[in-house]
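I opened this model to look up charge pairs, the nonpolar core and a few loop positions. My notes follow in the order I checked things.

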Amino acid sequence: MTTEELTLNIEKALDEIRPFLNSDGGDIELVSIDEDKHVKVRLQGACTSCSLSISTMKAGVETTIKKYAPQIETVENIV
């Protein structure tokens with residue numbers, strides 16, 4: 001899979017998650033994908049200070065991204 005295809009798949013995953021985050025006043029942005037298959041995203045809006053953001057990252061964001069791009073190893077929220 002090319003980098004462009006991988007990015008497109010990750011963006012599709014984020015589009016699946018985005019409505020749930022938007023409904024709580026938040027959003028998410030893809031920041032980078034490194035060569036070691038680690039994805040960096042940035043939670044935005046209300047999601048930045050939410051006490052459940054760690055759960056959102058693991059149970060929602062990382063799981064969904066791995067569904068669209070199984071080769072991804074980790075997903076990290078950066079501030």
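**Arg18 and its partners.** I started at Arg18. Arg18 forms a salt bridge with Asp27, and the closest N and O atoms are 2.7 Å apart. The model is predicted, so I note that side-chain atom pairs count only at pLDDT 80 or more. I then looked for other partners of this arginine. Asp15 also meets Arg18 in a salt bridge, at 2.6 Å from N to O. Both Asp15 and Arg18 sit in helix α1. They are three residues apart, about one turn of the helix.

Is Arg18 buried or exposed? I find Arg18 buried, because its relative accessible area is 18% and the cut-off for buried is under 20%. Asp27 counts as partly exposed at 23% relative accessibility. Asp15 is partly exposed too, with a relative accessible area of 47%.

**A pair between strands.** Next I checked Arg42. The side chains of Arg42 and Glu29 meet in a salt bridge, 3.0 Å from N to O. This pair links distant parts of the chain. Arg42 is in strand β2 and Glu29 is in strand β1, 13 residues apart. Arg42 is partly exposed, with a relative accessible area of 27%. Glu29 is partly exposed as well, at 30%. I also followed shared partners: salt bridges join Asp15, Arg18 and Asp27 into one network. How many salt bridges does a search of the whole structure find? I get five.

**Negative patch.** I turned to the surface. Which residues gather in a patch of negative charge there? I list Asp34, Glu35, Asp36 and Glu73. Asp36 lies in the loop between β1 (26–33) and β2 (38–45). I call Asp36 exposed because its relative accessible area is 51% and exposed means over 50%.

**Lys66 against Asp36.** I wanted a distance from Asp36 to a lysine. Lys66 is found in helix α2. Lys66 counts as partly exposed at 31% relative accessibility. In sequence, Lys66 and Asp36 are 30 residues apart. In space they are 14 Å apart, C-alpha to C-alpha.

**Nonpolar core.** I then went inside. The largest nonpolar core has 18 residues. Those touching the most other members are Ile10, Leu14, Val39, Val61, Ile65, Ile72 and Val75. Which elements give two or more residues to this core? I note α1 (3–23), β1, β2 and α2 (53–68). The largest share, six residues, comes from α1. In soluble globular proteins, nonpolar side chains tend to be buried together.

**Pro70.** Last stop was a proline. Where is Pro70 found? I place Pro70 in the loop between α2 and β3 (74–77). Pro70 counts as exposed, at 63% relative accessibility. I checked Pro70 against Leu6. Along the chain, Pro70 and Leu6 are 64 residues apart. Their C-alpha atoms are separated by 10.0 Å.

Key: Residues are numbered from 1 along each chain as its sequence is written. This is a predicted model: local features need pLDDT of at least 70, side-chain atom pairs count only at pLDDT 80 or more; totals for chains, interfaces and linings use all residues. Side-chain values use heavy atoms; hydrogens and water are left out. Patches are made of residues with over 30% relative accessible area and no salt bridge: like charges are joined within 9 Å, nonpolar side chains (Val, Leu, Ile, Met, Phe, Trp, Tyr) within 5 Å. Accessible areas come from the Shrake-Rupley method with a 1.4 Å probe; for residues, only the protein chains shown count as cover. A salt bridge is a side-chain nitrogen of Lys or Arg within 4 Å of a carboxyl oxygen of Asp or Glu. Lys and Arg count as positive and Asp and Glu as negative; His and the chain ends are not counted. The place of a charge is taken as NZ of Lys, CZ of Arg, CG of Asp or CD of Glu. Helices (H or I, at least four residues) and strands (E, at least two) are DSSP runs, numbered from the N terminus. Buried means under 20% relative accessible area, exposed over 50%, partly exposed in between (1.4 Å probe, protein chains only). A nonpolar core is a set of buried Ala, Val, Leu, Ile, Met, Phe, Trp, Tyr and Cys residues joined through side-chain atoms within 4.5 Å.
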